[in-house]
Amino acid sequence: MNSVGWFELYVQDMARARAFYEAVFQAKLEPLVVPGDAAGGGLEMLQFSGDMDAYGANGALCRMPGVPSGPGGTLVYFGCADCGETATRIDPAGGRIHRPKMSIGEYGFIVLAFDTECNLIGLHSMA
């Protein structure tokens with residue numbers, strides 16, 4: 001079993017966050033049906049494309065009244081073919097690079113960046 005089974009990135013402006021993630025990762029986010037009482041509480045979710053039966057974790061952008069976005073102790077790393085190349089789309093999409101591509105030795109490379117909602121995210125690749 002993988003350590004991470006699901007992730008949620010909380011945002012304040014869903015349209016702005018959607019535009020950022022779709023531009024950076026060149027992927028379409030799809031509305032996710034919110035289960036039960038959470039829908040009545042104002043929870044809105046957009047799911048990243050993925051296969052729940054494939055390697056790695058899938059997740060969603062979430063907006064819920066009273067739940068802040070921004071740095072809070074959780075860092076999600078998105079897998080990329082080349083994190084340096086993916087990082088070139090961060091600034092044009094409205095984000096900001098925090099640490100450019102750097103080696104983490106035998107574990108590959110990472111980039112740290114802030115999205116449009118002030119969430120710190122990581123990009124990871126082996127190349």
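Let me begin with how an angle is to be read here: axes are lines fitted to C-alpha atoms, for helices over the stretch in contact, and angles run from 0 to 180 degrees between N-to-C directions. Contact itself means heavy atoms within 4.5 Å, and helices (H or I, at least four residues) and strands (E, at least two) are DSSP runs, numbered from the N terminus. What we have is a predicted model, in which local features need pLDDT of at least 70 and side-chain atom pairs count only at pLDDT 80 or more, while totals for chains, interfaces and linings use all residues. Residues are numbered from 1 along each chain as its sequence is written, and side-chain values use heavy atoms, with hydrogens and water left out.

With that in place, helix α1, residues 14–25, lies across β1, β2, β3 and β4, and runs at about 150° to β4. Those strands belong to an open sheet of four, in the order β1-β4-β3-β2, with mixed pairing. β1 (6–10) and β2 (30–31) stand at the edges with a single partner strand each, so one side of each is left without a neighbour in the sheet. Two strands are said to pair if DSSP finds at least two bridges between them, and strands of a sheet pair through backbone hydrogen bonds, either parallel or antiparallel.

Going through the sheet, β2 and β3 run antiparallel and are joined by two bridges, with proline 31 having leucine 46 in β3 as its bridge partner. β3 (residues 44–47) and β4 (residues 58–63) also pair in the antiparallel sense, over four bridges; among the partners in β4, alanine 60 goes with glutamine 47, and arginine 63 goes with glutamate 44.

β7 (109–114) is mostly covered, five of its six residues being buried, where buried means under 20% relative accessible area, exposed over 50%, and partly exposed in between, with a 1.4 Å probe and protein chains only. Strand β6, residues 96–103, pairs with β7 in the antiparallel sense over five bridges, and arginine 96 has phenylalanine 114 in β7 as its bridge partner. The hairpin of β6 and β7 has five residues between the strands, and there glycine 105 takes a positive phi near 65°. β7 is also joined to β8, by six bridges, and these two run antiparallel; valine 111 stands opposite leucine 123 in β8.

Most residues other than glycine have a negative phi, and most peptide bonds are trans. Cysteine 118, in the turn of the β7 and β8 hairpin, has a positive phi of about 75°, and this residue is partly exposed, with a relative accessible area of 47%.

Leaving out residues up to four places away in sequence, glutamate 117 touches Tyr10, Val11, Gln12, Asp13, Arg16, Ala17, Ser69 and Gly70. The C-alpha atoms of glutamate 117 and glycine 70 are separated by 6.2 Å, although the two are 47 residues apart along the chain. The side chain of glutamate 117 reaches the backbone nitrogen of aspartate 13 at 3.0 Å, and makes a polar contact with the side chain of arginine 16 at 2.6 Å; a polar contact is a pair of N or O atoms within 3.5 Å, where within protein one must be able to donate a hydrogen and the other to accept it, and residues adjacent in sequence count only if both atoms are side-chain atoms.

Finally, back to the end of α1. Glutamine 26 lies in the loop between α1 and β2 and has a positive phi of about 50° although it is not a glycine. Glutamine 26 is exposed, with a relative accessible area of 60%. Which residues does arginine 89 contact, beyond its neighbours within four places in sequence? They are Ala23, Val24, Phe25 and Gln26. Arginine 89, found in the loop between α3 (83–87) and β6, is buried, with a relative accessible area of 17%, and its side chain reaches the backbone oxygen of valine 24 at 2.6 Å.
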